[in-house]
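Dear colleague,

Please find the structure below, together with its sequence.

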Amino acid sequence: MTVHIRTAAIMLAAALTIIGCSTENNPGLGERKSSREPVEATERQASRNETNGETEKYEVIATDLESPWSIAPHEDVFYISEREGTIARVQGQKLTREAVNLKRPVVQRGEGGLLGLELFPDFSETARAYAYHTYESEGELMNRIVVLERVDGQWDEVDAVLEGIPGAMFHDGGRLKVGPDDHLYATTGDAQQEGLAQQLNSLAGKILRMKRDGSVPGDNPFAGSLVYSYGHRNPQGIAWSEDGVMFSMEHGPSSNPGGHDELNVIRPGLNYGWPEIIGDEASEGMELPLYHSGEDTLAPSGIAVSKSGDIFAAGLMSEQLVRFSPEGDFEGIVLDKVGRIRDVSIHNGQLYVVTNNTDGRGSPGPEDDRLLRLKLE
């Protein structure tokens with residue numbers, strides 16, 4: 001079964017290369033260079049093959065993950081969502097693939113599938129988690145947020161928190177996090193309909209904030225609405241600093257000019273500009289990013305913030321884990337030469353990342369995809 005899934009994914013990747021629909025797979029155009037001076041893709045691949053990923057920088061915790069998307073750690077166990085609709089459980093050096101039983105089947109098409117996974121804060125007692133996944137309704141792709149409960153080594157849907165989030169082949173968002181206020185946050189993409197990001201009556205192109213049961217908090221910025229911020233293209237990373245500042249990273253456009261991936265401070269009710277402005281462009285009532293990549297492409301996915309305030313971002317197209325200061329200054333490349341990086345998590349004082357080379361857009365090695373551990377310096 002795995003061989004057939006990966007073969008289909010490779011065929012899909014060929015089509016994506018032709019139509020150029022996503023910054024996850026397409027570099028920005030133009031001559032401007034950002035401060036990080038990314039290495040060309042061909043050079044990255046050659047270097048990766050030559051050094052086998054500079055293994056002195058990290059420890060391999062698990063291998064043979066299948067299109068992993070989100071890392072959810074708990075004590076000495078890591079639960080990792082896989083886009084085809086399973087959850088990999090990693091304890092020590094042992095990986096067990098666990099079934100997910102949903103009332104609406106996962107549709108793994110384009111950038112969709114089983115995406116965000118966030119354990120309940122009281123997971124030890126409840127064995128419950130939130131999950132974000134793509135499904136099909138009346139011929140249309142949609143996304144939904146559900147509550148899963150782990151019973152006898154498998155996960156069963158016990159509640160639907162939110163349904164009907166616009167979906168598409170690309171730009172599905174998908175990150176879930178329980179914030180320091182004990183509310184659930186979710187990122188959504190513009191579902192390839194750019195104008196939806198500016199429409200407050202649409203859930204697309206937003207960061208959503210909800211009570212743990214999916215209801216609207218009374219202090220949300222728009223009365224009766226789950227919308228917390230808007231004007232987003234395809235955010236896939238959210239995290240908070242120790243003092244409660246919320247950060248997000250999102251994909252910039254894949255057209256000309258491309259690049260312009262963003263790091264933002266998220267505040268309630270603000271408009272982050274997509275599709276009206278990108279980069280340093282300004283418009284009244286719209287926020288400028290802390291950092292943007294110019295016409296280079298990081299293609300950011302998961303992010304994590306350390307106790308010191310440093311922001312770590314996983315890069316897909318760049319094939320890098322990078323670090324920013326709390327002020328948004330680029331501080332350097334933490335890890336590269338392992339291929340595409342989908343998510344990053346800080347757990348027990350160490351950094352963990354999952355690679356993303358088996359979804360048809362990367363060049364998988366014999367052990368891909370992998371969960372890696374790095375020292376947090």
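A search of the whole structure finds three cavities of 30 Å³ or more. On a 1 Å grid over the protein atoms alone, a cavity is a set of points where a 1.4 Å probe fits but cannot get out, while a pocket is an open set with protein on both sides within 12 Å along at least five of seven lines; lining residues have an atom within 4 Å of a point. Grid points are joined across faces, edges and corners, and a volume is the space filled by probe spheres set on the points.

Please note that this is a predicted model, in which local features need pLDDT of at least 70 and side-chain atom pairs count only at pLDDT 80 or more, whereas totals for chains, interfaces and linings use all residues. Residues are numbered from 1 along each chain as its sequence is written, and side-chain values use heavy atoms, with hydrogens and water left out.

The largest cavity holds about 80 Å³ of space. Its lining comprises 13 residues, with Arg 233, Glu 250, His 251, Glu 262 and Trp 274 nearest the centre. By class, five of the lining residues are nonpolar, five polar and three charged (Ala, Val, Leu, Ile, Met, Phe, Trp, Tyr, Cys and Pro count as nonpolar, Asp, Glu, Lys and Arg as charged, and the others, Gly among them, as polar). Arg 233 also lies over the face of Trp 274, at 5.5 Å from the ring centre; a charge sits over a ring if NZ of Lys or CZ of Arg is within 6 Å of the ring centre and within 35 degrees of the ring normal.

The largest pocket has a volume of about 870 Å³. Two or more lining residues come from each of β2 (68-74), β6 (114-119), β10 (176-178), β14 (235-240), β18 (300-305) and β22 (341-347). The lining of this pocket has 18 nonpolar, eight polar and four charged residues.

**Overall make-up**

The protein has three helices and 24 strands; helices (H or I, at least four residues) and strands (E, at least two) are DSSP runs, numbered from the N terminus. Of its 377 residues, 58% count as buried, where buried means under 20% relative accessible area, exposed over 50% and partly exposed in between (1.4 Å probe, protein chains only).

**Aromatic pairs**

The structure holds ten aromatic pairs. Rings of Phe, Tyr and Trp (its six-membered ring) pair if their centres lie within 6.5 Å; planes under 30 degrees apart count as stacked, over 60 as edge-to-face and the rest as tilted. Phe 123 and Trp 155 are stacked, at 6.2 Å centre to centre and 20 degrees between the planes. Phe 123 belongs to helix α3 (residues 123-126) and Trp 155 to strand β9 (residues 154-166), so this pair ties together parts that are 32 residues apart in sequence. Phe 123 is buried, at 7% relative accessibility, and Trp 155 is buried at 0%. Ring pairs link Tyr 79, Phe 123 and Trp 155 into a cluster.
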